[in-house]
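Subject: Structure handover

Hello,

Here is the structure I said I would pass on. My notes follow below it.

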Amino acid sequence: MLNLKVMMFLCLSVIVVYCESDQVPINSSAAVESCLLETNMTRDEFEDMLTSPNARELTILKSHAHKCMFGCVMRKNHIVNDGVVSKEVLSKYVLNFYGRPDYKRRLIIKDVEHIVDVCAKKVADESETDECELAATLVTCIVLEANKAGLVDDPARQI
């Protein structure tokens, strides 16, 4: 089963994360607020989406509105720019999520590089121009590839 915490972190960047290089926090709550306005989604709809019993299976990605919310937040956080995945930015998010506690980071760097390469290539190969569909493709790929690599979220960590 796909982990709700994984999806929340990778898709929406709702929490404060830390850049690998200098541990400077990137607060994306402003991006979420802006995207709520841009997509005409209410805060309640957004929270319901994240806490849906189907969230673990990524079935919520079937909703166009939810895909667009993900796409908007990815754009605002520079994960995707003009339909191109920033592998550097995405790598930091993925590494910081799966690389907790910090000692674990150096053990998974190669896995993260592989996941980001595979998923960035998948997005590029599909030549998707719709931000919403691109976001769904990217999120699904990251979660599935992370599972294949055996990367799992620490269940004790709260998001």
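Are α6 and α7 roughly parallel or roughly antiparallel to each other? In this predicted model, the axes of α6 (residues 105–126) and α7 (residues 131–148) cross at roughly 150° and come within 9 Å. An angle over 145 degrees counts as roughly antiparallel, so α6 and α7 are roughly antiparallel. Their crossing is right-handed.

With C119 in α6 and C141 in α7, the pair ties together parts 22 residues apart in sequence. Both C119 and C141 are buried.

A search of the whole structure gives 3 disulfides. The other entries are as follows.

- C35 to C72: the S to S distance is 2.0 Å, and with -85° about the S-S bond the link is left-handed. C35 lies in α2 and C72 in α4, 37 residues apart. C35 and C72 are both buried.
- C68 to C132: the sulfur atoms are 1.9 Å apart, and the torsion is about 100°, so this disulfide is right-handed. The pair ties α4 to α7, across 64 residues of sequence. C68 counts as buried at 15% relative accessibility, as does C132 at 7%.

Counting bonded cysteines along the chain, the pattern is 1-3, 2-5, 4-6.

Regards

Terms used
Residues numbered from 1 in each chain as written. Predicted model: local features only at pLDDT ≥ 70, side-chain atom pairs only at ≥ 80, totals over all residues. Heavy atoms only, no water. Axes fitted to C-alpha atoms, helices over the stretch in contact; angles between N-to-C directions. Helix = DSSP H or I, 4+ residues; strand = E, 2+ residues; numbered from the N terminus. Parallel < 35°, antiparallel > 145°, perpendicular 65-115°, else oblique. Left-handed = near helix turned anticlockwise from the far one by under 90°. Disulfide = S-S within 2.5 Å. Buried < 20%, exposed > 50% of the residue type's maximum accessible area, 1.4 Å probe, protein only.
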